[in-house]
Amino acid sequence: MPCWTARRLRPELRLTSEARAAARFLLLDPPLPLPVRPLYGALAAAGVTLLPSWARTLLRLPRLPLVEDVTVCPAGHLLTRTIRWAMSPP
């Protein structure tokens, strides 16, 4: 991502109480049935791994290399491939 784009997006990532409440709701208590919440959590975690380091710093999201490389990323790839397969035309 070019540097000017990163600077433009930074105000969107300010930690307001509303932003924290929305993130908490979507990550910890998503409006989904209980059986699919673990899959949603895996996709959300995989999405966090894609964030650039400056965004993770602003959002206070730690980098956990071993956990991300061994479990989160492979689970995210598997779920993404499964969703693409399920949504592909017959």
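Residues are numbered from 1 along each chain as its sequence is written. In this predicted model, local features need pLDDT of at least 70 and side-chain atom pairs pLDDT 80 or more, while totals for chains, interfaces and linings use all residues, and side-chain values use heavy atoms, without hydrogens and water.

**View 1. The second largest pocket holds about 160 Å³ of space.** A pocket is an open set of points on a 1 Å grid over the protein atoms alone, where a 1.4 Å probe fits, with protein on both sides within 12 Å along at least five of seven lines. The volume is the space filled by probe spheres set on the points.

**View 2. L43, A46, G47, T49, L50, C73, G76, H77, T80, R81 and R84 line the second largest pocket.** Lining residues have an atom within 4 Å of a point. Two or more of them come from each of α3 (37–49) and α5 (65–87). Helices are DSSP runs (H or I, at least four residues), numbered from the N terminus. α5 gives the most, six residues. By class, the lining has four nonpolar, five polar and two charged residues. Ala, Val, Leu, Ile, Met, Phe, Trp, Tyr, Cys and Pro count as nonpolar, Asp, Glu, Lys and Arg as charged, the others, Gly among them, as polar.

**View 3. L39, A42, L43, A45, A46 and T49 of α3 meet E68, V72, C73, A75, G76, L79, T80 and I83 of α5 in a contact (heavy atoms within 4.5 Å).** Ten nonpolar, three polar and one charged residues make up this contact of α3 with α5.
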